[in-house]
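Have the structure open as you read.

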Amino acid sequence: MSHTPSRRTVLRGLTVTGAAVVGFDPATRSWAVTGGGSGRGLAGIPRLDGTLVTDESSLAEASDDFGHIVHRRPLAVLRPGSVRDVVAMVRFCNQHRLQVAPRGQGHATFGQAQVKDGLVIETATLADIGPLGPDRTTVAVGAGVRWSEVAKAAIPHGLTPPVFTDYLELSVGGTLSVGGLGGQTHRHGAQVDNVTELQVVTGAGELVRCSPSRRPDLFHAVLAGLGQCAVIVGATLRLVPAPETVRHYLLPYDDLETFLEDQRTLVQEGRFDYVEGQVSADSDGAFSIYTLEAVAYGPPVGPTPDDTLLLRGMRHDPSGVQASDLAYYDFLDRLAPAVAALKEAGLWTYAHPWLNLLLPGESTRALTAEALDALTPADLGPGVVLVYPILRARLTTPLLRTPADTVPYLFAVLRATPPDDTATVDRLLAANRSAYEATAAAGGTQYPVGSIPFTHADWRTHFGSAWPGLEAAKRTYDPRGILVPGQGIF
Ligand SMILES: Cc1cc2nc3c(=O)[nH]c(=O)nc-3n(C[C@H](O)[C@H](O)[C@H](O)COP(=O)(O)OP(=O)(O)OC[C@H]3O[C@@H](n4cnc5c(N)ncnc54)[C@H](O)[C@@H]3O)c2cc1C
(Lines give C-alpha, C1' and ligand atoms only; values in the text may rest on other atoms or scores of the structure.)
Protein backbone atom coordinates (compact mmCIF):
# COMPACT_ATOMS: atom_id res chain seq x y z
CA MET A 1 0.00 0.00 0.00
CA SER A 2 1.38 3.46 -0.82
CA HIS A 3 1.15 6.75 1.04
CA THR A 4 -2.29 7.97 0.16
CA PRO A 5 -3.38 11.59 0.09
CA SER A 6 -6.97 10.51 0.66
CA ARG A 7 -6.28 9.21 4.15
CA ARG A 8 -8.86 10.20 6.76
CA THR A 9 -7.41 10.87 10.13
CA VAL A 10 -9.88 11.53 12.87
CA LEU A 11 -8.62 13.65 15.74
CA ARG A 12 -10.64 14.80 18.70
CA GLY A 13 -13.76 14.00 16.72
CA LEU A 14 -12.58 16.06 13.74
CA THR A 15 -12.07 14.43 10.38
CA VAL A 16 -8.80 15.60 8.93
CA THR A 17 -8.19 14.98 5.26
CA GLY A 18 -5.85 15.88 2.46
CA ALA A 19 -3.31 18.60 3.17
CA ALA A 20 -4.13 19.03 6.86
CA VAL A 21 -1.09 18.35 9.01
CA VAL A 22 -1.49 16.28 12.08
CA GLY A 23 0.67 17.18 15.06
CA PHE A 24 1.56 16.21 18.57
CA ASP A 25 2.12 18.87 21.20
CA PRO A 26 4.99 17.72 23.42
CA ALA A 27 4.17 20.47 25.94
CA THR A 28 0.61 19.34 26.61
CA ARG A 29 1.28 15.76 25.46
CA SER A 30 -1.79 15.80 23.27
CA TRP A 31 -2.48 15.24 19.60
CA ALA A 32 -3.49 18.33 17.66
CA VAL A 33 -4.45 19.54 14.25
CA THR A 34 -2.13 22.15 12.82
CA GLY A 35 -2.69 24.52 10.00
CA GLY A 36 -1.29 27.89 8.97
CA GLY A 37 0.52 29.54 11.88
CA SER A 38 -1.22 27.56 14.59
CA GLY A 39 1.16 24.66 14.28
CA ARG A 40 4.18 26.29 15.89
CA GLY A 41 5.82 23.98 18.41
CA LEU A 42 3.93 20.93 17.23
CA ALA A 43 5.70 17.78 16.12
CA GLY A 44 4.32 16.47 12.86
CA ILE A 45 2.87 12.99 12.74
CA PRO A 46 4.50 10.88 10.04
CA ARG A 47 2.54 10.28 6.89
CA LEU A 48 0.67 7.02 7.28
CA ASP A 49 -0.76 4.38 4.99
CA GLY A 50 -3.39 3.63 7.61
CA THR A 51 -5.18 5.84 10.10
CA LEU A 52 -4.54 7.40 13.47
CA VAL A 53 -7.78 7.99 15.31
CA THR A 54 -8.86 9.67 18.52
CA ASP A 55 -12.62 9.41 18.24
CA GLU A 56 -14.50 8.53 21.40
CA SER A 57 -15.58 5.04 20.43
CA SER A 58 -12.06 3.95 19.37
CA LEU A 59 -10.54 5.29 22.59
CA ALA A 60 -13.26 3.66 24.68
CA GLU A 61 -12.64 0.31 22.98
CA ALA A 62 -8.90 0.59 23.52
CA SER A 63 -9.54 1.41 27.21
CA ASP A 64 -11.19 -1.96 27.77
CA ASP A 65 -10.54 -5.66 27.23
CA PHE A 66 -12.15 -9.06 27.74
CA GLY A 67 -11.61 -8.69 31.50
CA HIS A 68 -13.63 -5.44 31.79
CA ILE A 69 -11.76 -4.76 35.04
CA VAL A 70 -8.99 -2.32 34.11
CA HIS A 71 -9.58 0.81 32.03
CA ARG A 72 -6.74 3.01 30.79
CA ARG A 73 -7.42 5.60 28.14
CA PRO A 74 -4.88 6.09 25.36
CA LEU A 75 -4.41 9.36 23.50
CA ALA A 76 -4.80 7.73 20.10
CA VAL A 77 -5.22 4.46 18.26
CA LEU A 78 -3.20 3.49 15.18
CA ARG A 79 -4.76 1.23 12.57
CA PRO A 80 -1.65 0.56 10.51
CA GLY A 81 -1.99 0.32 6.75
CA SER A 82 1.45 -1.24 6.58
CA VAL A 83 4.39 -2.41 8.67
CA ARG A 84 5.94 0.94 7.72
CA ASP A 85 3.24 2.67 9.77
CA VAL A 86 4.20 0.69 12.85
CA VAL A 87 7.86 1.62 12.36
CA ALA A 88 6.99 5.29 11.84
CA MET A 89 4.72 5.58 14.85
CA VAL A 90 6.94 3.60 17.23
CA ARG A 91 9.84 5.88 16.24
CA PHE A 92 7.64 8.90 16.77
CA CYS A 93 6.50 7.67 20.18
CA ASN A 94 10.05 6.77 21.14
CA GLN A 95 11.18 10.27 20.22
CA HIS A 96 8.40 11.83 22.32
CA ARG A 97 8.51 9.27 25.11
CA LEU A 98 4.94 8.21 24.52
CA GLN A 99 4.09 4.73 25.65
CA VAL A 100 2.83 2.18 23.13
CA ALA A 101 0.87 -1.05 23.34
CA PRO A 102 -0.02 -3.37 20.48
CA ARG A 103 -3.50 -4.82 20.76
CA GLY A 104 -4.51 -7.94 18.87
CA GLN A 105 -8.03 -9.07 19.70
CA GLY A 106 -8.10 -7.42 23.13
CA HIS A 107 -8.71 -10.71 24.94
CA ALA A 108 -6.33 -10.00 27.78
CA THR A 109 -8.21 -9.79 31.08
CA PHE A 110 -6.30 -7.29 33.21
CA GLY A 111 -5.33 -4.26 31.10
CA GLN A 112 -2.24 -5.89 29.56
CA ALA A 113 -2.81 -4.24 26.14
CA GLN A 114 -3.90 -0.85 27.50
CA VAL A 115 -1.80 2.29 27.80
CA LYS A 116 -2.78 5.46 29.63
CA ASP A 117 -2.08 8.61 27.59
CA GLY A 118 -0.15 6.64 24.99
CA LEU A 119 -0.71 4.94 21.66
CA VAL A 120 -2.53 1.67 21.07
CA ILE A 121 -1.59 -0.09 17.83
CA GLU A 122 -4.44 -2.27 16.66
CA THR A 123 -2.74 -5.05 14.74
CA ALA A 124 -5.86 -6.48 13.07
CA THR A 125 -4.99 -4.73 9.80
CA LEU A 126 -1.68 -6.64 9.61
CA ALA A 127 -3.62 -9.53 8.15
CA ASP A 128 -1.57 -11.15 5.38
CA ILE A 129 -1.42 -14.94 5.20
CA GLY A 130 1.08 -16.82 3.05
CA PRO A 131 2.56 -17.91 0.86
CA LEU A 132 3.54 -21.35 2.15
CA GLY A 133 7.27 -21.72 2.78
CA PRO A 134 9.63 -24.20 1.11
CA ASP A 135 8.57 -27.84 1.53
CA ARG A 136 5.19 -26.55 2.78
CA THR A 137 6.45 -26.72 6.36
CA THR A 138 5.85 -23.09 7.27
CA VAL A 139 3.59 -20.15 6.54
CA ALA A 140 4.31 -16.45 7.04
CA VAL A 141 1.44 -14.43 8.53
CA GLY A 142 0.78 -10.91 9.74
CA ALA A 143 0.67 -10.51 13.51
CA GLY A 144 -2.96 -9.43 13.49
CA VAL A 145 -4.23 -12.59 11.84
CA ARG A 146 -6.50 -14.73 14.03
CA TRP A 147 -5.74 -18.43 14.53
CA SER A 148 -9.11 -19.33 12.97
CA GLU A 149 -7.93 -17.62 9.78
CA VAL A 150 -4.59 -19.45 9.83
CA ALA A 151 -6.39 -22.78 10.25
CA LYS A 152 -8.85 -22.01 7.45
CA ALA A 153 -6.00 -21.08 5.11
CA ALA A 154 -3.80 -24.09 5.93
CA ILE A 155 -6.34 -26.94 6.13
CA PRO A 156 -7.26 -26.90 2.41
CA HIS A 157 -3.56 -27.67 1.76
CA GLY A 158 -3.75 -30.63 4.15
CA LEU A 159 -1.69 -28.67 6.67
CA THR A 160 -2.14 -27.14 10.11
CA PRO A 161 -0.22 -25.37 12.85
CA PRO A 162 0.46 -28.10 15.43
CA VAL A 163 -0.92 -26.29 18.51
CA PHE A 164 -4.08 -24.26 19.01
CA THR A 165 -5.56 -22.34 21.90
CA ASP A 166 -9.04 -23.48 22.87
CA TYR A 167 -10.53 -20.31 21.41
CA LEU A 168 -9.46 -19.53 17.85
CA GLU A 169 -10.37 -15.83 17.65
CA LEU A 170 -7.13 -14.64 19.25
CA SER A 171 -4.42 -12.89 17.26
CA VAL A 172 -1.16 -14.61 16.37
CA GLY A 173 0.79 -11.69 17.89
CA GLY A 174 -1.32 -11.83 21.05
CA THR A 175 -0.76 -15.52 21.78
CA LEU A 176 2.91 -15.47 20.73
CA SER A 177 3.40 -12.74 23.32
CA VAL A 178 2.12 -15.01 26.10
CA GLY A 179 2.88 -18.58 24.99
CA GLY A 180 -0.20 -20.21 23.48
CA LEU A 181 -1.06 -23.44 25.30
CA GLY A 182 -3.55 -26.08 24.24
CA GLY A 183 -4.38 -29.76 24.36
CA GLN A 184 -1.65 -30.49 21.78
CA THR A 185 1.08 -28.85 23.91
CA HIS A 186 2.11 -32.16 25.47
CA ARG A 187 3.09 -33.29 21.97
CA HIS A 188 4.30 -30.13 20.26
CA GLY A 189 5.05 -27.55 22.94
CA ALA A 190 3.35 -24.16 23.04
CA GLN A 191 2.58 -22.01 19.98
CA VAL A 192 5.78 -20.05 20.71
CA ASP A 193 7.78 -23.27 20.31
CA ASN A 194 6.50 -23.57 16.74
CA VAL A 195 7.71 -20.29 15.26
CA THR A 196 10.70 -20.25 12.92
CA GLU A 197 11.05 -16.51 12.37
CA LEU A 198 9.59 -13.23 13.56
CA GLN A 199 9.41 -9.82 12.00
CA VAL A 200 9.35 -7.22 14.76
CA VAL A 201 9.57 -3.49 15.38
CA THR A 202 11.70 -2.85 18.45
CA GLY A 203 10.88 -0.18 21.00
CA ALA A 204 13.53 1.97 19.30
CA GLY A 205 11.62 1.66 16.01
CA GLU A 206 13.97 -0.74 14.23
CA LEU A 207 12.35 -3.26 11.85
CA VAL A 208 14.15 -6.59 12.35
CA ARG A 209 13.82 -10.18 11.21
CA CYS A 210 14.91 -12.55 13.94
CA SER A 211 15.02 -16.31 14.39
CA PRO A 212 16.86 -18.91 16.48
CA SER A 213 19.96 -18.23 14.35
CA ARG A 214 19.55 -14.54 13.46
CA ARG A 215 19.47 -12.07 16.35
CA PRO A 216 18.50 -14.94 18.67
CA ASP A 217 18.58 -12.70 21.75
CA LEU A 218 15.75 -10.62 20.27
CA PHE A 219 13.83 -13.69 19.07
CA HIS A 220 13.94 -15.20 22.55
CA ALA A 221 13.05 -11.89 24.20
CA VAL A 222 9.93 -11.51 22.06
CA LEU A 223 8.38 -15.00 22.18
CA ALA A 224 6.33 -15.16 25.40
CA GLY A 225 7.96 -11.80 26.16
CA LEU A 226 4.69 -10.03 26.97
CA GLY A 227 5.37 -7.30 24.42
CA GLN A 228 8.25 -5.81 26.40
CA CYS A 229 10.96 -5.55 23.75
CA ALA A 230 9.23 -5.31 20.37
CA VAL A 231 5.95 -5.24 18.49
CA ILE A 232 5.51 -8.44 16.50
CA VAL A 233 4.38 -7.50 12.99
CA GLY A 234 4.80 -10.88 11.31
CA ALA A 235 5.55 -14.50 12.20
CA THR A 236 6.57 -17.60 10.29
CA LEU A 237 4.64 -20.51 11.76
CA ARG A 238 5.48 -24.20 11.55
CA LEU A 239 2.96 -26.41 9.75
CA VAL A 240 2.38 -30.16 10.02
CA PRO A 241 0.02 -32.51 8.19
CA ALA A 242 -3.62 -32.06 9.23
CA PRO A 243 -6.07 -34.89 9.88
CA GLU A 244 -9.34 -34.88 7.98
CA THR A 245 -11.37 -36.06 10.94
CA VAL A 246 -10.76 -36.69 14.63
CA ARG A 247 -12.25 -38.97 17.29
CA HIS A 248 -13.27 -36.87 20.29
CA TYR A 249 -13.81 -38.38 23.76
CA LEU A 250 -15.29 -36.98 26.98
CA LEU A 251 -14.51 -39.40 29.83
CA PRO A 252 -16.09 -38.83 33.26
CA TYR A 253 -14.27 -39.41 36.57
CA ASP A 254 -15.52 -39.05 40.13
CA ASP A 255 -12.11 -38.93 41.78
CA LEU A 256 -9.58 -36.13 41.34
CA GLU A 257 -6.49 -38.24 41.90
CA THR A 258 -7.47 -40.93 39.38
CA PHE A 259 -8.41 -38.26 36.84
CA LEU A 260 -5.03 -36.51 37.19
CA GLU A 261 -3.10 -39.79 37.07
CA ASP A 262 -4.87 -40.95 33.92
CA GLN A 263 -4.23 -37.58 32.26
CA ARG A 264 -0.57 -37.87 33.17
CA THR A 265 -0.31 -41.40 31.80
CA LEU A 266 -1.88 -40.32 28.53
CA VAL A 267 0.46 -37.38 27.94
CA GLN A 268 3.54 -39.39 28.88
CA GLU A 269 2.54 -42.18 26.50
CA GLY A 270 1.48 -39.77 23.74
CA ARG A 271 -1.50 -42.00 23.13
CA PHE A 272 -3.74 -39.10 22.02
CA ASP A 273 -3.02 -36.01 19.94
CA TYR A 274 -4.83 -33.73 22.36
CA VAL A 275 -5.51 -34.02 26.10
CA GLU A 276 -7.32 -31.53 28.31
CA GLY A 277 -9.80 -31.76 31.19
CA GLN A 278 -12.52 -29.83 32.99
CA VAL A 279 -13.97 -29.78 36.47
CA SER A 280 -17.62 -28.92 37.06
CA ALA A 281 -19.94 -28.66 40.02
CA ASP A 282 -22.37 -31.37 41.13
CA SER A 283 -25.95 -30.64 42.17
CA ASP A 284 -24.73 -29.70 45.67
CA GLY A 285 -22.34 -27.11 44.25
CA ALA A 286 -19.20 -29.15 44.96
CA PHE A 287 -16.59 -29.18 42.18
CA SER A 288 -16.37 -32.95 41.97
CA ILE A 289 -17.19 -33.88 38.37
CA TYR A 290 -14.00 -34.40 36.40
CA THR A 291 -14.12 -34.80 32.62
CA LEU A 292 -11.07 -35.88 30.68
CA GLU A 293 -11.16 -34.64 27.09
CA ALA A 294 -8.99 -36.58 24.66
CA VAL A 295 -8.74 -36.51 20.88
CA ALA A 296 -7.13 -38.93 18.43
CA TYR A 297 -6.39 -37.66 14.94
CA GLY A 298 -7.49 -39.87 12.06
CA PRO A 299 -5.95 -40.35 8.59
CA PRO A 300 -3.73 -39.17 7.07
CA VAL A 301 -2.05 -38.27 10.38
CA GLY A 302 -2.87 -41.38 12.39
CA PRO A 303 -4.66 -44.70 11.93
CA THR A 304 -8.44 -44.84 12.03
CA PRO A 305 -9.07 -44.40 15.77
CA ASP A 306 -9.99 -47.60 17.62
CA ASP A 307 -11.98 -47.02 20.83
CA THR A 308 -10.84 -50.26 22.49
CA LEU A 309 -7.19 -49.57 21.88
CA LEU A 310 -7.34 -45.91 22.80
CA LEU A 311 -9.28 -46.35 26.06
CA ARG A 312 -7.47 -49.46 27.31
CA GLY A 313 -6.56 -49.39 30.99
CA MET A 314 -8.22 -46.06 31.71
CA ARG A 315 -10.22 -45.71 34.91
CA HIS A 316 -13.10 -43.42 33.92
CA ASP A 317 -16.75 -44.36 34.43
CA PRO A 318 -17.40 -46.38 31.24
CA SER A 319 -21.13 -45.77 31.41
CA GLY A 320 -20.67 -42.01 30.88
CA VAL A 321 -18.32 -42.00 27.89
CA GLN A 322 -19.21 -39.63 25.06
CA ALA A 323 -17.39 -40.27 21.79
CA SER A 324 -17.91 -38.60 18.44
CA ASP A 325 -16.23 -38.13 15.06
CA LEU A 326 -15.67 -34.54 14.03
CA ALA A 327 -14.24 -32.77 11.00
CA TYR A 328 -10.85 -31.38 12.04
CA TYR A 329 -11.83 -27.70 11.81
CA ASP A 330 -15.05 -28.32 13.73
CA PHE A 331 -12.96 -29.86 16.51
CA LEU A 332 -10.58 -26.85 16.56
CA ASP A 333 -13.53 -24.46 16.57
CA ARG A 334 -15.51 -26.46 19.13
CA LEU A 335 -16.03 -23.45 21.42
CA ALA A 336 -17.80 -21.40 18.75
CA PRO A 337 -21.37 -22.52 19.60
CA ALA A 338 -20.85 -21.92 23.34
CA VAL A 339 -19.34 -18.49 22.67
CA ALA A 340 -22.29 -17.60 20.41
CA ALA A 341 -24.70 -18.66 23.19
CA LEU A 342 -22.81 -16.58 25.80
CA LYS A 343 -22.90 -13.56 23.49
CA GLU A 344 -26.60 -14.07 22.85
CA ALA A 345 -27.26 -14.21 26.60
CA GLY A 346 -25.19 -11.06 27.24
CA LEU A 347 -22.67 -13.04 29.34
CA TRP A 348 -19.64 -12.60 27.06
CA THR A 349 -19.38 -8.98 28.29
CA TYR A 350 -19.20 -10.03 31.94
CA ALA A 351 -16.01 -9.24 33.86
CA HIS A 352 -13.42 -12.04 33.65
CA PRO A 353 -11.16 -12.09 36.70
CA TRP A 354 -9.35 -15.16 35.42
CA LEU A 355 -6.93 -17.28 37.36
CA ASN A 356 -4.38 -19.15 35.22
CA LEU A 357 -1.69 -21.12 36.99
CA LEU A 358 0.98 -23.64 36.07
CA LEU A 359 1.30 -26.13 38.91
CA PRO A 360 4.17 -28.51 39.63
CA GLY A 361 2.86 -32.00 38.84
CA GLU A 362 3.71 -33.34 42.26
CA SER A 363 1.59 -30.67 44.03
CA THR A 364 -1.24 -30.54 41.53
CA ARG A 365 -3.62 -32.74 43.47
CA ALA A 366 -3.20 -30.81 46.72
CA LEU A 367 -3.33 -27.36 45.10
CA THR A 368 -6.33 -28.06 42.89
CA ALA A 369 -8.20 -29.79 45.74
CA GLU A 370 -7.66 -26.75 47.95
CA ALA A 371 -8.72 -24.31 45.22
CA LEU A 372 -11.77 -26.37 44.23
CA ASP A 373 -12.88 -26.69 47.87
CA ALA A 374 -12.87 -22.91 48.13
CA LEU A 375 -14.66 -22.37 44.81
CA THR A 376 -18.42 -21.85 44.62
CA PRO A 377 -20.55 -22.06 41.47
CA ALA A 378 -21.54 -18.42 42.07
CA ASP A 379 -17.89 -17.32 42.04
CA LEU A 380 -17.20 -19.24 38.85
CA GLY A 381 -20.35 -17.85 37.20
CA PRO A 382 -20.87 -18.86 33.56
CA GLY A 383 -17.21 -19.89 33.29
CA VAL A 384 -15.18 -23.10 33.32
CA VAL A 385 -12.40 -24.78 35.28
CA LEU A 386 -9.66 -26.38 33.21
CA VAL A 387 -6.97 -28.81 34.40
CA TYR A 388 -4.53 -30.54 32.09
CA PRO A 389 -0.92 -31.68 32.02
CA ILE A 390 1.82 -30.56 29.67
CA LEU A 391 5.27 -32.01 29.13
CA ARG A 392 8.03 -29.65 30.12
CA ALA A 393 10.48 -31.34 27.76
CA ARG A 394 8.44 -30.03 24.80
CA LEU A 395 8.71 -26.40 25.94
CA THR A 396 11.78 -24.65 24.57
CA THR A 397 10.95 -20.95 24.86
CA PRO A 398 12.97 -19.39 27.69
CA LEU A 399 10.40 -16.75 28.70
CA LEU A 400 7.48 -19.18 28.95
CA ARG A 401 7.97 -19.91 32.61
CA THR A 402 6.87 -23.26 33.94
CA PRO A 403 7.50 -25.11 37.21
CA ALA A 404 10.62 -27.27 37.40
CA ASP A 405 8.69 -30.51 37.06
CA THR A 406 8.57 -32.93 34.16
CA VAL A 407 4.76 -32.85 33.95
CA PRO A 408 3.34 -29.52 35.12
CA TYR A 409 -0.43 -28.92 34.96
CA LEU A 410 -2.31 -25.91 33.70
CA PHE A 411 -5.04 -25.03 36.22
CA ALA A 412 -7.41 -22.30 35.08
CA VAL A 413 -10.45 -20.88 36.85
CA LEU A 414 -12.07 -18.92 34.04
CA ARG A 415 -14.54 -16.86 36.03
CA ALA A 416 -17.28 -14.60 34.69
CA THR A 417 -19.13 -12.15 36.92
CA PRO A 418 -21.27 -9.02 36.38
CA PRO A 419 -18.85 -6.12 35.71
CA ASP A 420 -20.83 -3.59 37.79
CA ASP A 421 -20.39 -5.60 40.99
CA THR A 422 -16.91 -4.25 41.68
CA ALA A 423 -16.89 -5.57 45.26
CA THR A 424 -17.19 -9.12 43.93
CA VAL A 425 -14.58 -8.48 41.24
CA ASP A 426 -12.18 -7.19 43.93
CA ARG A 427 -12.86 -10.20 46.14
CA LEU A 428 -12.16 -12.58 43.24
CA LEU A 429 -8.95 -10.74 42.39
CA ALA A 430 -7.86 -11.17 46.02
CA ALA A 431 -8.76 -14.88 45.79
CA ASN A 432 -6.62 -15.11 42.64
CA ARG A 433 -3.74 -13.56 44.50
CA SER A 434 -4.07 -16.06 47.39
CA ALA A 435 -4.19 -18.98 44.97
CA TYR A 436 -1.09 -17.63 43.22
CA GLU A 437 0.77 -17.33 46.53
CA ALA A 438 -0.05 -20.94 47.45
CA THR A 439 1.10 -22.00 43.99
CA ALA A 440 4.33 -20.00 44.10
CA ALA A 441 5.13 -21.43 47.55
CA ALA A 442 4.87 -24.90 46.00
CA GLY A 443 7.15 -23.98 43.08
CA GLY A 444 4.43 -23.10 40.58
CA THR A 445 3.84 -19.95 38.60
CA GLN A 446 1.13 -18.05 36.81
CA TYR A 447 0.41 -18.39 33.09
CA PRO A 448 0.27 -14.65 32.45
CA VAL A 449 -3.04 -14.21 30.63
CA GLY A 450 -5.23 -13.80 33.69
CA SER A 451 -5.97 -11.29 36.42
CA ILE A 452 -3.58 -11.68 39.32
CA PRO A 453 -2.38 -8.50 41.04
CA PHE A 454 1.40 -8.63 40.51
CA THR A 455 4.26 -6.39 41.71
CA HIS A 456 7.60 -5.70 40.00
CA ALA A 457 9.17 -8.06 42.54
CA ASP A 458 6.66 -10.77 41.60
CA TRP A 459 7.70 -10.43 37.96
CA ARG A 460 11.36 -10.91 38.87
CA THR A 461 10.41 -14.05 40.74
CA HIS A 462 8.22 -15.14 37.85
CA PHE A 463 11.00 -14.87 35.27
CA GLY A 464 13.60 -16.31 37.64
CA SER A 465 16.79 -17.25 35.81
CA ALA A 466 15.43 -15.61 32.63
CA TRP A 467 15.09 -12.21 34.34
CA PRO A 468 18.62 -10.89 33.66
CA GLY A 469 18.27 -11.73 29.95
CA LEU A 470 14.88 -10.03 29.71
CA GLU A 471 16.14 -6.98 31.55
CA ALA A 472 19.18 -6.75 29.24
CA ALA A 473 17.00 -7.14 26.13
CA LYS A 474 14.64 -4.44 27.42
CA ARG A 475 17.58 -2.04 27.81
CA THR A 476 18.85 -2.87 24.33
CA TYR A 477 15.63 -2.96 22.35
CA ASP A 478 13.31 -0.64 24.26
CA PRO A 479 15.81 1.73 25.87
CA ARG A 480 13.19 4.34 26.73
CA GLY A 481 10.82 1.77 28.19
CA ILE A 482 7.85 2.77 26.03
CA LEU A 483 6.44 -0.68 25.22
CA VAL A 484 3.49 -2.35 26.90
CA PRO A 485 3.38 -0.76 30.35
CA GLY A 486 0.07 -2.54 31.05
CA GLN A 487 1.96 -5.70 31.99
CA GLY A 488 3.50 -3.82 34.94
CA ILE A 489 6.85 -5.60 34.56
CA PHE A 490 9.36 -2.70 34.44
C1 LIG B 1 -11.96 -16.98 25.44
C2 LIG B 1 -10.47 -17.09 25.61
C3 LIG B 1 -9.87 -18.32 25.48
C4 LIG B 1 -8.48 -18.44 25.65
N5 LIG B 1 -7.91 -19.66 25.51
C6 LIG B 1 -6.58 -19.80 25.63
C7 LIG B 1 -5.96 -21.06 25.46
O8 LIG B 1 -6.60 -22.08 25.23
N9 LIG B 1 -4.60 -21.13 25.56
C10 LIG B 1 -3.85 -20.01 25.80
O11 LIG B 1 -2.64 -20.13 25.84
N12 LIG B 1 -4.42 -18.82 25.98
C13 LIG B 1 -5.76 -18.68 25.91
N14 LIG B 1 -6.33 -17.46 26.12
C15 LIG B 1 -5.48 -16.33 26.49
C16 LIG B 1 -4.94 -15.64 25.25
O17 LIG B 1 -4.00 -16.48 24.59
C18 LIG B 1 -4.20 -14.34 25.62
O19 LIG B 1 -4.98 -13.50 26.40
C20 LIG B 1 -3.77 -13.63 24.33
O21 LIG B 1 -2.77 -12.68 24.66
C22 LIG B 1 -4.94 -12.94 23.69
O23 LIG B 1 -4.65 -12.59 22.37
P24 LIG B 1 -5.16 -11.18 21.83
O25 LIG B 1 -4.89 -11.14 20.38
O26 LIG B 1 -6.55 -10.89 22.26
O27 LIG B 1 -4.12 -10.25 22.61
P28 LIG B 1 -4.35 -8.85 23.34
O29 LIG B 1 -5.27 -9.01 24.49
O30 LIG B 1 -4.72 -7.84 22.34
O31 LIG B 1 -2.87 -8.58 23.89
C32 LIG B 1 -2.34 -9.40 24.92
C33 LIG B 1 -0.92 -8.93 25.27
O34 LIG B 1 -0.05 -9.17 24.17
C35 LIG B 1 0.48 -7.95 23.68
N36 LIG B 1 0.46 -8.04 22.24
C37 LIG B 1 -0.63 -8.20 21.44
N38 LIG B 1 -0.25 -8.23 20.14
C39 LIG B 1 1.09 -8.09 20.14
C40 LIG B 1 2.06 -8.01 19.10
N41 LIG B 1 1.72 -8.08 17.82
N42 LIG B 1 3.36 -7.84 19.46
C43 LIG B 1 3.73 -7.77 20.75
N44 LIG B 1 2.85 -7.81 21.77
C45 LIG B 1 1.54 -7.97 21.46
C46 LIG B 1 -0.44 -6.86 24.20
O47 LIG B 1 0.18 -5.60 24.29
C48 LIG B 1 -0.83 -7.43 25.53
O49 LIG B 1 0.17 -7.17 26.48
C50 LIG B 1 -7.71 -17.31 25.96
C51 LIG B 1 -8.33 -16.06 26.10
C52 LIG B 1 -9.70 -15.95 25.93
C53 LIG B 1 -10.35 -14.62 26.13
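1. A word on terms before the helices: axes here are lines fitted to C-alpha atoms, for helices over the stretch in contact, and the angles run from 0 to 180 degrees between N-to-C directions. Bear in mind too that this is a predicted model.

2. With that in hand, look at helix α14 (residues 456-463) and helix α15 (residues 467-477): their axes cross at roughly 115° and come within 8 Å. On the α14 side the contact uses W459, R460 and F463, and on the α15 side W467, L470 and E471. Sorted by class, that makes four nonpolar and two charged residues, with no polar ones.

3. The chain splits into domain 1 (8-124), domain 2 (126-241) and domain 3 (245-455). How far apart are the centres of domain 1 and domain 3? Taken over C-alpha atoms, the separation is 38 Å. The two do meet, though: eight residues of domain 1 are in contact with 16 residues of domain 3. Together they bury about 870 Å², with 65% of that on carbon and sulfur atoms. On the domain 1 side, F66, H68 and F110 account for 55% of the area buried against domain 3, more than any other three residues.

4. Now the inside. The largest nonpolar core has 98 residues, and the members touching the most others are L176, L198, V200, L237, F272 and L292. Strand β19 (residues 287-297) is the top contributor, giving seven residues. Domain 2 and domain 3 each put at least three residues into this core.

5. F272 deserves a click. Skipping neighbours within four places in sequence, its contacts include H186, R187, Y249, L266 and M314. There is also a second, separate core of 26 residues, with W31, L98, V100 and V233 among them.

6. Most residues other than glycine have a negative phi, and most peptide bonds are trans. The G130 to P131 bond is cis, with omega near 5°, and P131 sits in strand β10 (residues 129-132). P299 and P300 are also joined by a cis peptide bond, omega about 5°; P300 is in the loop between β19 and α8 (307-310).

7. Two non-glycine residues have positive phi. D117, in the loop between β8 (100-103) and β9 (119-122), has phi near 55°. L226, in the loop between α6 (216-222) and β15 (230-238), has phi of about 55°. Which of these is buried and which partly exposed? D117 is partly exposed, at 40% relative accessible area, while L226 is buried, at 2%.

Methods:
Residues numbered from 1 in each chain as written. Predicted model: local features only at pLDDT ≥ 70, side-chain atom pairs only at ≥ 80, totals over all residues. Heavy atoms only, no water. Core = buried A, V, L, I, M, F, W, Y, C linked by side-chain atoms within 4.5 Å. Buried < 20%, exposed > 50% of the residue type's maximum accessible area, 1.4 Å probe, protein only. Helix = DSSP H or I, 4+ residues; strand = E, 2+ residues; numbered from the N terminus. Domains from an automatic or database assignment. Contact = heavy atoms within 4.5 Å. Nonpolar A, V, L, I, M, F, W, Y, C, P; charged D, E, K, R; others polar. Buried area = accessible area lost by both parts, 1.4 Å probe.
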